[in-house]
Amino acid sequence: MGCQMTFKRYELKFMLTQSQKQALLQVMEPYMALDQYGRTTIQNLYYDTDSFRLVRRSMERPEYKEKLRVRSYGTAREGGRVFVELKKKYDHVVYKRRLTLPEPDAMAWLAGDKSAAPDSQIGREIDYFCTFYRDLRPQVFLSYEREAYFERGGGDFRVTFDENILTRRAALSLKTSPWGTPLLPHGTVLMELKTPGGIPLWMTRFLTENHIYKTSFSKYGTAYQNVIFPQQEGVKKYA
């Protein structure tokens, strides 16, 4: 059946310079600890229709939106396990359903092989999602280097720093190495605060004192806007 996990939380995003990140790491030290993976390369395949219905809808900033992706930590090994994630956002709250499966099973299942479908509630939700949207397939590869920090003492507050965010539409496999078009200027860091409720006072104070403000940034949305859509327009222009 595979390991199942469900998350419900707020995810707040901020753009930092390298110097701001280093200053924040010093402030964080008494409160947060780097997770066991250290600095990790995360690779994702985003599923969508050929008309990019999901990402185009998301960019309209509706009250409710959803997306489907398969994720690996590092390059997926032959027969290694990956995460199939159904991510939904409603009224600023993020809900994520996650299944862990062997990479071949995950890819076969999402390609339409029902014999590979996991028998679970989350599996049935993902099946319904695929049936509803129809003709979903991998459209975009996205990778980035992440440092994830958890709250000392067992709290639920999380901080992640993502750098070297790359996207491509070729070689859509998690078993390939990360390469592609950068989505952020060199030296820019995407920070995400993940919390079931409020932000700690020490973090709020740092953001305020350094004039760092919340931003709206979607990796997949930015890939579509900066890379995919211009390519589509180029094809139409010269067709």
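Helices (H or I, at least four residues) and strands (E, at least two) are DSSP runs, numbered from the N terminus. Covering rests on contact, meaning heavy atoms within 4.5 Å.

Before going on, this is a predicted model, in which local features need pLDDT of at least 70, side-chain atom pairs count only at pLDDT 80 or more, and totals for chains, interfaces and linings use all residues. Residues are numbered from 1 along each chain as its sequence is written, and side-chain values use heavy atoms, with hydrogens and water left out.

Which residues of helix 4 are buried? They are Ile122, Gly123, Glu125, Ile126, Asp127, Phe129, Cys130 and Tyr133; buried is under 20% relative accessible area, exposed over 50%, partly exposed in between (1.4 Å probe, protein chains only). Helix 4 runs over residues 121–133, and its 13 residues reach 19 Å from first C-alpha to last, close to the 18 Å expected at 1.5 Å a residue. That expected span is 1.5 Å times one less than the number of residues. Just after helix 4, Arg134 has a positive phi of about 60°.

Now the pockets. A pocket is an open set of points on a 1 Å grid over the protein atoms alone, where a 1.4 Å probe fits, with protein on both sides within 12 Å along at least five of seven lines; lining residues have an atom within 4 Å of a point. The largest pocket has a volume of about 930 Å³, counted as the space filled by probe spheres set on the points. It is lined by 30 residues, and Lys65, Lys89, Ser216, Phe217 and Ser218 are the closest to its centre.

The second largest pocket has a volume of about 780 Å³. Its lining has 35 residues, with Arg9, Tyr73, Arg98, Arg146 and Lys194 the closest to the centre. Strand 2 gives the largest share of that lining, seven residues.

Last, Thr181, which lies in strand 8 (residues 181–182). Is Thr181 buried, partly exposed or exposed? Thr181 counts as partly exposed because its relative accessibility is 38%. Beyond neighbours within four places in sequence, Thr181 is in contact with Ile165, Leu166, Thr167 and Val227.
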